[in-house]
Amino acid sequence: MSTNLSVALKQWRAAFLVSAALANTHAEAISPSVGNPREGGRDNCQPIEHIVYIVKENRTFDNYFGTFPGADGATSGKISTGETIPLGHTPDQLPHDIAHTFYPTAVAIHGGLMDQFDLIPGGEDLLGYTQMTEQDIPNYFAYAKSFTLADRMFSSLAGPSFPNHLYSVAAQSGGAFDIPDHYDLYIWGCDAPSDERVPVMDNKGQVSYVFPCFEFTTLADTLQDAGISWKYYAPGPGDIGYVWSAFDAIGHIRQTPLWEHVVPDTQFMNDALSGNLPAVSWLVTPWDVSEHPPAGTCVGENWTVDQINAVMQGPDWNSTVIFLTWDDFGGFYDHVPPPVLDSLGLGPRVPMLIISPYAKTGYISHELYEFSSVVKFIEQRFSLPTLTARDFQASDMHDSFDFCQDPLPPLILQHHECPPQSDTHKFHLYNDDDD
């Protein structure tokens, strides 16, 4: 085990002990409701036939929605010296990435104190202590005002993209808590070179290194067994965004005919407009429009608007819910300590927008969500078994809906004019060997 990883594990265990105590002080505000009656009579109304799960990259709630009226946002943050500073303005394209893998995440969280985002690699210039406003992301604000915004949505794992994307399809990561060690920008999963390894942690906190191709049951498996249609729209081999294609890391999907359900992300709009969306869709973004620093936010928002407009202009809008979220904190500041569910998470808050004819208008959900919550919503809608303790315990998200309300009309939005874009392909991806 490397020196840095040994230090990381010690920091991580200490952090969870402290944050467990801190999280308990927030329990009333963030714990999911259990057994409460829901508005809208969900037992009598069930209009949802299509669920779309869009996962973008690397933002916190405070970075995007810290200024949103009525939400639990912050416009200032604590740094490692104990000083509180105002959050600056996030440029459309950042000059560099900020570390957000396992060890830097533990450093930033600092046992729930949320005051060391300036000590992570790439955060020394306080770029992580910045945020955007409605002027920067007007269409995301428009969705939040017209539909539902969740301000207690947390990344499932206190770390980077690879494991968090696995939670979005399986409510677990197979114990993986970081990116593969060679961090090739094009290949991470079962397609990776044979010497590729990713660190995994067992339930006793022991770490080992395994090839990043796993065998555990996913939501796609239970959908397939139940005869329910599904597709995973994602960049393909050779595209930088292919590393975010989670099913590439599931051997019995990548290496069998089930891979036919994994299709190019460019197919999504055509399927939405033509009424050919399956019951469950995942949509993963190409790199240039991912919003992963240094990729621009504006072009990323415009891409998202195109996808959502296609759903709204297609024949299935009145039976659809779109869950739009971001996969990890990306090194950006957030002021809310993540609740402690187990040794891997939760990680810092990320934005979530719930867009549907049956979403509550202008509603801000304060109920605890994580990526497994969307998995649970899908399981409940289609009467599927749960996969892990995570989706079993997760909120069902029904607080954000009124399924018996008159359907909300489509909200067709226009592109936001973007500043000139620089080349975003050349960037440094931090890993845990960076100090």
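Leaving aside neighbours within four places in sequence, Tyr232 is in contact (heavy atoms within 4.5 Å) with His165, Val169, Trp244, Ser245, Ala246, Phe247, His261, Val262, Val263, Trp282 and Val284. The model is a predicted one, in which local features need pLDDT of at least 70 and side-chain atom pairs count only at pLDDT 80 or more, while totals for chains, interfaces and linings use all residues. Residues are numbered from 1 along each chain as its sequence is written, and side-chain values use heavy atoms, with hydrogens and water left out.

**Overall make-up**

- The protein has 12 helices and 16 strands, where helices (H or I, at least four residues) and strands (E, at least two) are DSSP runs numbered from the N terminus.
- Of the 435 residues in the protein, 63% are buried; buried means under 20% relative accessible area, exposed means over 50%, and partly exposed lies in between, with a 1.4 Å probe and protein chains only.
- When contacts between residues at least 6 apart in sequence are considered, 79% of them join residues at least 24 apart.
- The protein exposes about 15400 Å², of which carbon and sulfur atoms supply 52%; such accessible areas come from the Shrake-Rupley method with a 1.4 Å probe, and for residues only the protein chains shown count as cover.

- In soluble globular proteins, nonpolar side chains tend to be buried together.

**The eight-stranded sheet**

- Eight strands, in the order E11-E10-E12-E1-E13-E14-E6-E15, form an open sheet with mixed pairing, and two strands pair if DSSP finds at least two bridges between them.
- Strand E11 (262–264) and strand E15 (363–365) each have a single partner strand and stand at the edges, so one side of each is left without a neighbour in the sheet.
- On average, neighbouring strands of this sheet are turned by 20° against each other, direction ignored; the axes are lines fitted to C-alpha atoms, for helices over the stretch in contact, and angles run from 0 to 180 degrees between N-to-C directions.
- Strand E6 (residues 148–150) runs parallel to E15 and is joined to it by three bridges, and Leu149 has Ile364 in E15 as its bridge partner.
- Helix H5 (residues 138–146) packs on the sheet, where it touches strand E1 (50–56), E6, strand E13 (320–326) and strand E14 (352–355), and its direction makes about 60° with that of E14.

- E8 and strand E9 (residues 207–210) run antiparallel and are joined by four bridges; Val198 stands opposite Val210, and Pro199 stands opposite Tyr209.
- Five residues lie between the two strands of this hairpin, in which Gly205 takes a positive phi near 85°.

- Seven of the eight residues of helix H4 (residues 102–109) are buried, among them Phe102, Pro104 and Val107, and the helix is followed by His110, whose phi is positive, near 50°.
- Helix H11 (residues 371–381) has 10 of its 11 residues buried, so it is largely enclosed by the rest of the structure.

**Backbone details in the loops**

- Ser383, in the loop between H11 and H12, has a positive phi of about 55° although it is not a glycine, and at 68% relative accessibility Ser383 counts as exposed.
- Asn58, in the loop between E1 and helix H3 (61–65), also has a positive phi, near 65°, but at 0% relative accessibility Asn58 counts as buried.
- The peptide bond from Pro293 to Pro294 is cis, with omega near 10°, and Pro294 lies in the loop between strand E12 (280–284) and H10.
- Gly345 and Leu346 are joined by a cis peptide bond with omega of about 20°, and Leu346 lies in the loop between E13 and E14.
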